[in-house]
Amino acid sequence: MSGTAIGFAGMGVLLLLILARIPVGVALGLVGFGGYVALEGWTKAQFVFGAVPLELASAHALSVLPLFTLMGALATLAGLSADLFRASNAVFAGTRGSLAMAAIGASAAFGAVCGSSVATAATMGRISIPEMLRARYSPALAAGAVAAGGTLGILIPPSLILMIYAIIAQQPVIKLFAAAIVPGLVLTALYVLTVVVWARLRPDAALEIRRDEGGGTVRILLNVADVAALFLVTFGGIYLGWFSPTEAAAVGAFGALLLGLWRRTLTRFGILDCFTETARITANIVLIIIGSTIFSYFVVQTTIAQSIVGWIGATGMPPLMVMTLLIVVYILLGCFLEGIGMVLVTVPVFLPLVVANGYDPVWFGILLVIVVEIGLIHPPVGMNLFVIRAQAPDISLRDMYLGVLPFLAAPLLLIVLLLLFPGLALWLAAQV
């Protein structure tokens with residue numbers, strides 16, 4: 001059997017293992033190791049399997065993962081999300097659908113200190129959905145706005161998915177973070193626009209509310225000045241050259257800790273829980289990355305990526321059509337694969353094809369995150385929907401699915417804009 005044939009067989013086995021609920025990291029490692037044995041023999045496969053953990057343990061780039069994860073855990077426990085929601089609501093107050101817009105705006109702001117879509121959706125779901133239901137909002141709109149807003153947690157820096165992509169694709173984290181800022185802001189605006197259109201077409205779904213916030217908009221916004229300062233120091237320091245990404249992650253984590261102590265929302269046991277949760281999440285991610293690295297070595301040996309590039313080149317398919325085909329494939333994969341698994345399985349195979357067609361790997365990283373976002377909110381998996389379901393069990397899955405459908409237009413439109421205007425992502429990345 002040729003190397004390419006073994007490669008395609010390995011991809012098939014991998015998908016079957018994932019569908020069988022085998023953990024992604026374990027599935028990647030098993031297929032990568034087994035495939036390497038089939039190609040190069042037992043001795044070489046043992047050498048690779050033994051060398052990968054040591055290689056990753058000494059990789060400086062991985063140190064950014066636990067630090068930004070700790071920053072997000074501390075920010076969540078410190079209660080920053082509630083103040084961000086009140087501040088966002090003060091900005092949109094008096095507008096029909098203001099609470100839904102506030103949920104999206106607060107999700108974007110919280111994503112800037114969290115980095116996790118699931119954490120953003122869960123946190124904002126606890127805070128904003130009860131408020132919207134009390135204001136007699138449509139349950140579909142309430143769930144859809146929070147689910148869509150939650151996806152901003154993996155696009156607006158710091159992004160866990162972007163950090164993992166940087167490691168797998170060997171791209172600088174700082175450029176990926178810079179490239180994500182403008183698309184993140186554009187997507188936030190498109191989500192808010194979706195609420196505006198929904199509220200205009202269905203006024204009964206989002207009632208206009210005017211409430212006295214007990215001190216005015218300026219006071220409420222000042223309450224989140226410390227959160228804004230944390231973001232500006234952490235990420236402004238990266239772009240201004242004050243910190244490396246790892247140093248910025250350490251500054252951000254320490255800043256989030258000080259913020260929680262200053263607000264008196266962090267206890268001794270709460271801080272311990274944050275460190276424990278960070279260690280658990282980091283261990284899971286590192287296991288997945290080890291499996292993915294072994295799988296990547298196997299993919300390289302099969303020359304499957306070169307075969308796909310050659311086949312696409314032989315068809316004479318233009319680059320835009322190639323990218324469109326890849327986007328369709330990713331959307332279909334999002335029906336049954338979660339985001340990190342989808343990135344780790346596909347990047348070693350698809351990235352050479354993307355580069356061969358003249359696209360920038362940094363630009364592709366942003367596009368990939370947006371496609372992963374679609375997978376987080378479209379059926380049947382829709383991880384954000386299940387997270388919200390746990391927070392708001394009174395909202396039916398039918399309402400959640402109906403509520404999220406209008407919001408799917410926003411990331412699809414952003415993908416079109418990125419295809420037509422790559423500078424939307426690359427302009428700021430080129431400045432760092």
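1. Let me start with Ser159, which sits in the loop between helix 8 (139-150) and helix 9 (160-169); helices here are DSSP runs of H or I with at least four residues, numbered from the N terminus. This is a predicted model, where local features need pLDDT of at least 70, side-chain atom pairs count only at pLDDT 80 or more, and totals for chains, interfaces and linings use all residues. Residues are numbered from 1 along each chain as its sequence is written, and side-chain values use heavy atoms, with hydrogens and water left out.

2. Ser159 counts as buried because its relative accessibility is 0% (buried means under 20% relative accessible area, with a 1.4 Å probe and protein chains only). Beyond its neighbours within four places in sequence, Ser159 contacts Gly115, Gly153, Ile154 and Phe177 (contact means heavy atoms within 4.5 Å).

3. Do look at Thr120 too, in helix 7 (residues 117-134). Thr120 is buried, at a relative accessible area of 0%. Residues up to four places away in sequence aside, Thr120 touches Ser107, Phe110, Gly111, Cys114, Gly149, Gly150 and Gly153.

4. Now for a helix pair: helix 18 (residues 361-377) and helix 21 (residues 409-420) pack at about 165 degrees, their axes 10 Å apart (axes are lines fitted to C-alpha atoms over the stretch in contact, and angles run from 0 to 180 degrees between N-to-C directions). Helix 18 is therefore roughly antiparallel to helix 21, a term for angles over 145 degrees.

5. On the helix 18 side, the contact residues include Trp363, Ile366 and Leu367, and on the helix 21 side they include Pro411, Leu412 and Leu414.

How values were computed
Helix = DSSP H or I, 4+ residues; strand = E, 2+ residues; numbered from the N terminus. Buried < 20%, exposed > 50% of the residue type's maximum accessible area, 1.4 Å probe, protein only. Parallel < 35°, antiparallel > 145°, perpendicular 65-115°, else oblique.
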